[in-house]
Amino acid sequence: MGDVAMTVPVLLALTQQHPEIKITLLTRGFFKPMFSQLPNVTVFEADIKGKHKGVLGLLKLYKELKALKIDAVADLHNVLRSNILKMFFKSTRIPFIQIKKGRSEKKKLTAEKNKLFAPLKTTHQRYADVFKELGFNIKLNNANLLSKENVSDTTQDLIGKDTKKWIGIAPYAAFSGKMYPLNMMEKVISILNVTNTYKILLFGGGPSETEQLNKWATTYENATSLAGKVSFKEELAVISKLDVMIAMDSGNAHLAAMFAIPTITLWGVTHPYAGFYPFVQKEENALTADREKYPLIPTSVYGNKFPEGYENAMKTISIDSVVEKITELTN
C-alpha cells in the first residue's frame, strides 16, 4: 500500500504539469479511492486473484491493456508480474519504461561491512524519472497535494463531534523490525488520553490488530478504533482531517502525507535514507533508533532482516520524545 500511496503526489504533479495526457492506472481495486481526486486518471483494476492470475491471466491482462490503445507504459513497480507484461509488450512498438530501484545503492546502505551511510534518491523521484524517460519532466517541488475530504455522518458519529484535535495512530507495520513496541505505544496513548485534549483515532487491519486496537479504545475514553468499522474510502477521509498522524515506516504514513498532514514516523531497523520518507514531510518529524547503539541501521530496506539484538532498536525512541513531538506539532 505504501508503494501505491507514494505514486499519488507524483501522478498529481504529472497531471497538473502535463494536463494534455490521459493516465490509465493499473492497480488493485482496493486502492482506487486514493486516486479519486486526480484529474485525467482512470483506474484499471488488476484482478490478480481471479481472471488475471498466473501467466495466462497476465496474457489476458496484456490484451485488455493493448485494446485501450495506450501510447506508453510506465512501470513503477518492476516486479515479476510487470516483467511478464513487459515481455508481452515486446511484440509491440509501445515503449515500456521501468523504475530503476537502485538495488546496488540500497545494498551498500544496508551492508554490515563497508556500509555507505548516505541518503539515496527518494522513491518519489524514482517514479518521476520513469515519466521523464517517457518525455514528461515533472517538478516535484511544485507538486500540490490532495484536498481534505468529507467524513460521512456515520463515521462522524463513531468518532464523536467534540472539538478535540484529531491524532491518528497507526501502530503496525509489515515486519517487527520497524514496529514500535505495543506496550510503549499504549503508554503514549495513555499520556495523550489523560490530557483530555485529543481524539485518538486508531488505524489497522486484520483480526489480531483489530482486537488490540479495540482493547485500547475500550480502555481509553478518548480513543476510537476505526479498524474494521469503516471502509478504506472513509479511512482516507478521516486521515485527511487529522491534525497529526503517528505511524511507522509504513503505508499509513504515506496516506497521511498525500493530504499534507503533519506525520511523525518512527524508524527501527529501517531508515529514511533508503528513500521511503513520506512526501514533503519535515526531516525533524522522523524519530529514528539510536545508531550509536545500533550502528548497522539500516539493516534492510523493508525491515525484514536484522542481526541478533537489533529487535530492541525501536526501544531507543523514548515515549517522551514521541509525546513531545505530538505536542509540538499540535501546538
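How much space lies in the largest cavity, and which residues line the largest cavity?

Author: This is a predicted model, in which local features need pLDDT of at least 70 and side-chain atom pairs count only at pLDDT 80 or more, while totals for chains, interfaces and linings use all residues. Residues are numbered from 1 along each chain as its sequence is written, and side-chain values use heavy atoms, with hydrogens and water left out.

About 30 Å³ of space lies in the largest cavity, where a cavity is a set of points, on a 1 Å grid over the protein atoms alone, at which a 1.4 Å probe fits but cannot get out. Grid points are joined across faces, edges and corners, and the volume is the space filled by probe spheres set on the points. By this rule, the count is 1 cavity of 30 Å³ or more.

The lining, meaning residues with an atom within 4 Å of a point, is made up of Ala5, Met6, Pro9, His124, His254, Ala257, Met258, Pro278 and Phe279. Two or more of the lining residues come from each of α1 (2-17) and α10 (251-258), helices being DSSP runs of H or I with at least four residues, numbered from the N terminus.

By class, the lining of the largest cavity has 7 nonpolar, 2 polar and no charged residues; here Ala, Val, Leu, Ile, Met, Phe, Trp, Tyr, Cys and Pro count as nonpolar, Asp, Glu, Lys and Arg as charged, and the others, Gly among them, as polar.

Technical notes
On a 1 Å grid over the protein atoms alone, a cavity is a set of points where a 1.4 Å probe fits but cannot get out, and a pocket is an open set with protein on both sides within 12 Å along at least five of seven lines; lining residues have an atom within 4 Å of a point.
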